[in-house]
Amino acid sequence: MKPESWIERWKAGQTGFHLSHTNPWLEKCWPQVAAPAGSTVFVPLCGKSLDLLWLRDQGYEVIGVEISRLAVKGFFAENALQPQIDHIENFERWRCDGITLLVGDFFDLTPQMLVDVASVYDRASLIALPETMRLEYVEKIAALFAPALPTLLITLEYDQQQMSGPPFAVGSSEVESLYRQCFSISQIYSEQILDAEPHFRSKGLTSLIESVYLLKPSVGSNQ
Ligand SMILES: C[S@@+](CC[C@H](N)C(=O)[O-])C[C@H]1O[C@@H](n2cnc3c(N)ncnc32)[C@H](O)[C@@H]1O
């Protein structure tokens, strides 16, 4: 999917991925990331996720990037936050109370914009991208953060023949092949969630598995 299609999706209110609560896997699994207290967490393709607030409330600085200005505007308005807005390179930068959201294309980010980041939280970002873009996404993350940073990754797995996506199916073998060069990978949870997400059943899915991965930089990894 092209970034412009996401902007249109937000305008059309096609945001079924957005949760009206903090992601329970984040609350449960984040301690395993062992991000230093007070450090900065990067949230790629962040939407208007309430996870940004949860991370901030744990004492972290949070930097997100999101292509839809509407999503970013919604995040600040819906959470009664009054941001300061300026520009940095190709991005509009909205900042308030420890949360910085960059409006623009993730693929335009530069390492200089993310110098203090110590960990990454990816929920529904990798799986928002078609297969052809997923390697590009992982390579971009590797270029932004060298050495690699501890990452919490949440994916969905289903039979891609049954639905075209997004969200796209990303199984454990693809996670391995995308990340093994720089990370040691642990699949820490995996749960069948089709009963909790019945609209996916009506789209033809017979199984929908949500998985949580802890990616720890491999010893000696400098990419
Ligand atoms: C499936 S949503 C997940 C949002 C968020 N992570 C969450 O958990 O609610 C994917 C998000 O990525 C954004 N997006 C897609 N491509 C992007 C890009 N190239 N740069 C920045 N944001 C992008 C979309 O607008 C959308 O909000």
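This is a predicted model: local features need pLDDT of at least 70, side-chain atom pairs count only at pLDDT 80 or more; totals for chains, interfaces and linings use all residues.
Me: To get us started, how many helices and strands does the secondary structure of the protein chain come to?
Reply: Residues are numbered from 1 along each chain as its sequence is written. Helices (H or I, at least four residues) and strands (E, at least two) are DSSP runs, numbered from the N terminus. On that basis, the protein chain has 7 helices and 9 strands.

Me: What is the radius of gyration of the protein chain?
Reply: The radius is taken over C-alpha atoms, and the globule rule is 2.2 Å times the number of residues to the power 0.38. For 223 residues the rule gives 17 Å, and the chain is close to that, so it is as compact as a globular protein of that length. The radius of gyration is 17 Å.

Me: What percentage of the 223 residues in the protein chain is buried?
Reply: A residue is buried if 20 or more other C-beta atoms lie within 10 Å of its own, exposed if 12 or fewer, and partly exposed in between, with C-beta atoms placed from the backbone. Under that rule the buried share of the protein chain is 34%.

Me: Which residues touch the most other members of the largest nonpolar core?
Reply: A nonpolar core is a set of buried Ala, Val, Leu, Ile, Met, Phe, Trp, Tyr and Cys residues joined through C-beta atoms within 7 Å. The largest one has 58 residues. Those touching the most other members are Val-41, Val-43, Leu-52, Val-62, Leu-101, Tyr-121 and Ile-127.

Me: Which residues is Val-62 in contact with, leaving aside its neighbours within four places in sequence?
Reply: Two residues are in contact if their C-beta atoms, placed from the backbone, lie within 7 Å. Val-62 is itself one of the core residues that touch the most other members. Its partners are Val-41, Val-43, Leu-52, Leu-55, Arg-56, Gly-98 and Ile-99.

Me: Which element gives the largest share of the shell around the ligand?
Reply: The ligand is surrounded by 21 residues, the closest being Trp-6, Leu-45, Gly-47, Ile-67 and Phe-106; near here means a C-beta atom, placed from the backbone, within 6 Å. Two elements give two or more residues to this shell, helix H1 (3-11) and strand S2 (61-66). The largest share, 3 residues, comes from H1.

Me: Where is the place of Pro-166?
Reply: Here too there is a cis peptide bond, from Gly-165 to Pro-166, with omega near 5 degrees. Pro-166 sits in the loop between S7 and helix H6 (172-179).

Me: Is Ala-124 buried or exposed?
Reply: Ala-124 has a positive phi of about 65 degrees although it is not a glycine. Its place is in the loop between strand S6 (117-123) and H5. With 20 other C-beta atoms within 10 Å, Ala-124 is buried.

Me: How many other C-beta atoms lie within 10 Å of Asp-97?
Reply: Asp-97, in the loop between strand S4 (91-96) and strand S5 (99-103), has phi near 45 degrees, a positive value in a residue other than glycine. Asp-97 is partly exposed, and the number of other C-beta atoms within 10 Å is 13.
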